[in-house]
Amino acid sequence: MFSLAACSDGGDDGGDDDVGGETSAEDEDTDESTDTEGEESTTEEESTTEEDTGGEPSLDDQLRELLAAEGVEPVPLPAPPDEAKFELGRLLFFDKELSGPRNISCATCHHPLLGSADAQGQSKGQGAVGLGPLRVHSGPSLFLPRSALSLWNRGVEGWDTMFWDGRLGQAEDDSFFSPAGDATPQDFDNALAAFTIIPITPDREMRGFSDQLDVFDQPNEMAGLTDADFEDIWGAVVARVMAIDAYADMIDEAFPEVAPEDVDITVLSNAIGAFEGEAFLALDAPFDRYLAGDDDALPTAAKRGALLFYGEANCSGCHSGSLQSDFDFHNIAVPQVGTGNDTGPMTGDEPEAPLDLGRARVTGEDADRFQFRTPSLRNVLLESPYGHNGAYATVEGMIAHHLDPEGSLASYDDSQLDPELVGSRAEVLAEVPDIDAQLLDSLDPLLIPAALSDAELSDLVAFLSALVDQDTLNQLDLVPASVPSGLPVND
Ligand code: HEC
Ligand code: HEC
């Protein structure tokens with residue numbers, strides 16, 4: 001029977017390790033009764049489901065009703081980028097020429113083999129060598145304050161708020177804002193493209209330190225600048241790129257309307273954004289196929305998990321919609337561990353480290369302390385560790401924290417952090433003894449402590465696993481064999 005075949009197909013490609021034996025037994029029941037219904041193919045699906053569940057609405061009926069009520073719909077795919085822009089952006093993304101000492105590229109922290117991030121709780125920029133989990137400090141321990149965000153689906157329409165604290169983005173009047181303030185250029189294709197102007201500026205991230213030579217032991221012309229010299233840094237990066245003939249030619253081909261002398265950081269940023277938006281599109285997950293109408297795309301455990309997620313467990317109070325984010329900011333009391341934010345306050349004069357005040361460092365409002373942007377949960381299982389500072393090594397630990405923040409803080413074990421950051425929990429507590437009380441006092445009311453059974457927890461994880469786009473598991477083809485600067489790409 002054709003519906004039987006469809007069922008077992010769904011089981012095969014949607015089925016993953018999280019789906020227990022129970023599920024296949026249920027699936028078989030459905031298959032058998034479908035089979036005995038014989039020829040009456042037009043109505044058999046409906047009557048079968050009703051029969052199976054003894055008059056109750058079927059799991060699919062319940063879930064589809066809930067998803068409709070929650071406004072969860074298929075995500076429209078962005079238009080594919082111009083090929084010349086994509087290819088230019090790809091090479092720039094992997095090219096260390098963009099960093100002062102020519103030793104770090106965007107891919108160092110957003111690698112296709114590492115879920116478009118770096119598998120680190122807090123990223124390591126200058127002063128470290130290696131890729132991903134193998135990246136270690138070769139000098140003093142200097143971390144970026146937060147965990148590298150993944151780049152999945154950042155190019156879709158409406159993703160206007162960037163960074164864990166939303167300090168860059170596109171406002172409702174379509175203008176772009178960023179830590180560069182009034183210097184922020186305005187001709188970006190979207191917020192994702194605009195983002196590129198920032199990582200190249202901090203000394204510890206890509207620009208390099210004042211006493212640091214480049215990998216050829218030559219002076220780094222950006223070393224004498226400060227992190228706030230945005231326009232000079234952008235100009236220096238553009239000059240480097242335009243000095244390489246292959247890039248100048250590619251830019252001419254991708255942006256024929258821009259004269260060589262007018263090429264600026266916006267041009268490079270729009271190319272990199274075009275690459276990221278297409279390369280890290282992850283919208284062919286089982287959940288997307290389910291949203292498109294295929295009941296068989298989701299394993300039963302994932303359907304139960306989705307019912308909890310968008311229903312009783314109220315995950316969608318914040319992780320709302322098809323991308324599981326309201327793009328708003330919430331304090332869920334993730335333990336303050338690691339280095340904290342030692343990059344200097346954006347507003348006010350109060351030093352933050354060993355704390356990270358999150359959204360409050362952008363708005364200057366005490367009420368926004370410890371708030372972070374709700375992460376999208378697309379491909380989230382490829383992104384461990386979890387939380388803005390990588391506080392939780394496993395997704396189960398992260399979810400358990402949501403369900404009982406107080407208990408989770410009390411029993412928090414920092415041995416799950418980067419070896420260099422183990423012990424930081426005690427240091428934070430020594431310096432700010434009431435930090436947990438501060439976190440819990442301003443806990444977001446949408447976070448409703450809930451007791452979920454182990455089976456329910458595993459259903460939630462099954463749902464998260466149905467948010468993984470299998471095609472993104474192997475993205476080696478994104479890595480270029482070489483880049484125009486000739487600098488190495490594989491380390
Ligand atoms: C040394 C590591 C490192 C390098 C190099 C790096 N990033 Fe990041 N990236 C991060 C970290 C950490 C964050 C999150 C920072 C925060 O929110 O405060 C981030 C955030 C982002 C985001 C925001 C995603 C979102 O959901 O808001 C984008 C886009 C991004 N990086 C693109 C780039 C590009 C493009 C480059 C190269 C020009 C680059 N990054 C270089 C570590 C890095
Ligand atoms: C009150 C809003 C809110 C609710 C409700 C909520 N979350 Fe979250 N969630 C967040 C925020 C904010 C973060 C990031 C917090 C941080 O890093 O400080 C987060 C982080 C996560 C992460 C880690 C993502 C990453 O990239 O590191 C997972 C997984 C997650 N939530 C799952 C869930 C599940 C499952 C539920 C329901 C049981 C849920 N959340 C309910 C706001 C919420």
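**View 1. Helix α5 and what covers it.** Lys-85, Leu-88, Gly-89, Arg-90, Leu-91, Leu-92 and Phe-93 are the buried residues of helix α5 (residues 83–93); buried here takes 20 or more other C-beta atoms within 10 Å of a residue's own, exposed takes 12 or fewer, partly exposed is in between, and C-beta atoms are placed from the backbone. Helices are DSSP runs of H or I with at least four residues, strands are runs of E with at least two, and both are numbered from the N terminus. The cover over the buried residues of α5 includes α6, α10 (245–254) and α11 (265–279). Keep in mind that this is a predicted model, where local features need pLDDT of at least 70, side-chain atom pairs count only at pLDDT 80 or more, and totals for chains, interfaces and linings use all residues. Residues are numbered from 1 along each chain as its sequence is written, while chains are lettered from A and ligands numbered from 1 in the order in which they are written.

**View 2. The shell around ligand 1.** There are 25 residues around ligand 1, and Cys-106, Cys-109, Gly-125, Trp-164 and Pro-199 come nearest; a residue gets into a shell if its C-beta atom, placed from the backbone, lies within 6 Å of the molecule.

**View 3. The shell around ligand 2.** Cys-315, Cys-318, Val-334, Tyr-386 and His-388 come nearest among the 26 residues around ligand 2. Helix α15 (residues 395–403) gives the most to this shell, with 4 residues.

**View 4. One side of α15.** Which residues of α15 are buried? They are Met-398, His-401 and His-402. These sit on the same side of α15, because they cover an arc of only 100° around the axis, taken from the directions from the helix axis to the C-beta atoms. They pack against α16 (405–410), where a contact means two C-beta atoms, placed from the backbone, within 7 Å.

**View 5. Leu-447 in its loop.** Leu-447 is in the loop between α18 (435–441) and α19 (454–465). It counts as partly exposed because it has 19 C-beta neighbours inside 10 Å. Leaving out residues up to four places away in sequence, Leu-447 touches Ile-332, His-402 and Pro-405. Ala-313 is 134 residues from Leu-447 in sequence, yet their C-alpha atoms are 9.4 Å apart.

**View 6. A three-stranded open sheet.** The 3 strands line up as β3-β4-β5, with antiparallel pairing; a pair needs at least two DSSP bridges. β3 (161–162) and β5 (176–177) are at the edges with a single partner strand each, so one side of each has no neighbour in the sheet. Between β3 and β4 (residues 168–170) there are 2 bridges, and Thr-161 has Gly-169 as its bridge partner in β4.

View 7. The chain's average pLDDT, the predictor's confidence in each residue from 0 to 100, is 90, and 88% of the residues score at least 70. Residues 1–51 fall below 50, and this stretch has 51 contacts in the model beyond near neighbours in sequence.
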